[in-house]
Amino acid sequence: MRAIAARAGVDTGLIRHFFGDKNGLIAATLAAGTTAPDQLATALRGTPDGVGERLARAYFELWESPEAGPTTVVVFRSAITSPKAMGMLRESFGTQLQERVLGTNADTDRAKGVALAVSHLLGVAVARYVIEVEPLAGMDRDELVHRVTPAVQQYLTGQTHD
C-alpha cells in the first residue's frame, strides 16, 4: 500500500479512506475494468423465452473467460474478506446491473427475480470456480447451463424452461 501511495503521490491514509485495505484496493482496481455488468445486462434483454439460458451462459462464460475469469475470482475472493471490496462488488454486480436492465424505476417483482437469478448463479460459480467442488468443477459448461437454466428462467419470468 505504501509503494502504491508513493507512486500515486498520495498519503496511504487516502487509500485506506477510499478503499479500506489492500483487498478493497485490488477489488476496485479490477472491478473498474470489468464489462461484466454490461454483458449480463445484454443477456437479460430481449424476449423472455430463453432469458434464463442466455443469462446462465453469459455468466459462466465470464468466469471462464481467459481475460475476465481470473479477475472475477480475485474480486470475489477480496469481497469475502473486505467490507469495502464487498461494497464495490455490490455496486458493480448489483446496483449497476439492476439499473442497466431495469432502469431507476424498476418493477419490484422483476428486480427480485433478477437478484435471485444472479444470486443463484453466484452460488454455483463460487462452488465451481473458487471452492472447486466436484463434480461441479469438472462439469462441462453446456451441461451446467442446461441444469441451472430452469431455476434461472423461473426466477426471471415465473415460467420454467423446456
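This is a predicted model: local features need pLDDT of at least 70, side-chain atom pairs count only at pLDDT 80 or more; totals for chains, interfaces and linings use all residues.
The buried residues of helix α4, which spans residues 36-44, are Ala 36, Pro 37, Leu 40, Ala 41, Ala 43 and Leu 44. Because these residues cover an arc of only 160° around the axis, they sit on the same side of α4. After α4 comes Gly 46, which has a positive phi, near 100°.

The chain has 162 residues, of which 37% count as buried. When contacts between residues at least 6 apart in sequence are considered, 59% of them join residues at least 24 apart.

Helix α5 illustrates how these elements meet. This helix, residues 51-64, packs against helix α9, residues 141-157, at an angle of about 130°, and the two axes are 7 Å apart. The angle makes α5 oblique to α9. The crossing in which α5 passes α9 is right-handed. On the side of α5, the residues that take part are Val 51, Gly 52, Glu 53, Leu 55, Ala 56, Arg 57, Phe 60, Glu 61 and Glu 64. Their counterparts in α9 are Arg 141, Asp 142, Leu 144, Val 145, Val 148, Thr 149, Val 152, Gln 153, Leu 156 and Thr 157. By class, the residues of this contact between α5 and α9 comprise nine nonpolar, four polar and six charged.

Helix α5 also meets helix α6, residues 69-81. The axes of α5 and α6 come within 5 Å and cross at roughly 90°; the two helices are therefore roughly perpendicular to each other. Here Tyr 59, Leu 62 and Trp 63 of α5 meet Gly 69, Thr 72, Val 73 and Phe 76 of α6. The contact of α5 with α6 has five nonpolar and two polar residues, and no charged ones.

Leu 144 has its place in helix α9. Is Leu 144 buried or exposed? Leu 144 has a relative accessible area of 2%, and is therefore buried. Beyond its neighbours within four places in sequence, Leu 144 is in contact with Phe 60, Val 124, Arg 128, Tyr 129, Leu 136 and Met 139. Leu 144 and Ala 56 are separated by 88 residues in sequence, and their C-alpha atoms are 8.7 Å apart in space.

Most residues other than glycine have a negative phi, and most peptide bonds are trans. Against that background, Glu 132 has a positive phi of about 60° although it is not a glycine. Glu 132 is found in the loop between α8 and α9, and with a relative accessible area of 53% Glu 132 is exposed. Pro 135 lies in the loop between α8, residues 108-130, and α9. The peptide bond that runs from Glu 134 to Pro 135 is cis, with omega near 5°.

Conventions:
Residues are numbered from 1 along each chain as its sequence is written. Side-chain values use heavy atoms; hydrogens and water are left out. Axes are lines fitted to C-alpha atoms, for helices over the stretch in contact, and angles run from 0 to 180 degrees between N-to-C directions. Helices (H or I, at least four residues) and strands (E, at least two) are DSSP runs, numbered from the N terminus. Angles under 35 degrees count as roughly parallel, over 145 as roughly antiparallel, 65 to 115 as roughly perpendicular and the rest as oblique. A crossing is left-handed if the near helix is turned anticlockwise from the far one by less than a right angle, and right-handed if clockwise. Contact means heavy atoms within 4.5 Å. Ala, Val, Leu, Ile, Met, Phe, Trp, Tyr, Cys and Pro count as nonpolar, Asp, Glu, Lys and Arg as charged, and the others, Gly among them, as polar. Buried means under 20% relative accessible area, exposed over 50%, partly exposed in between (1.4 Å probe, protein chains only). The arc is that of the directions from the helix axis to the C-beta atoms.
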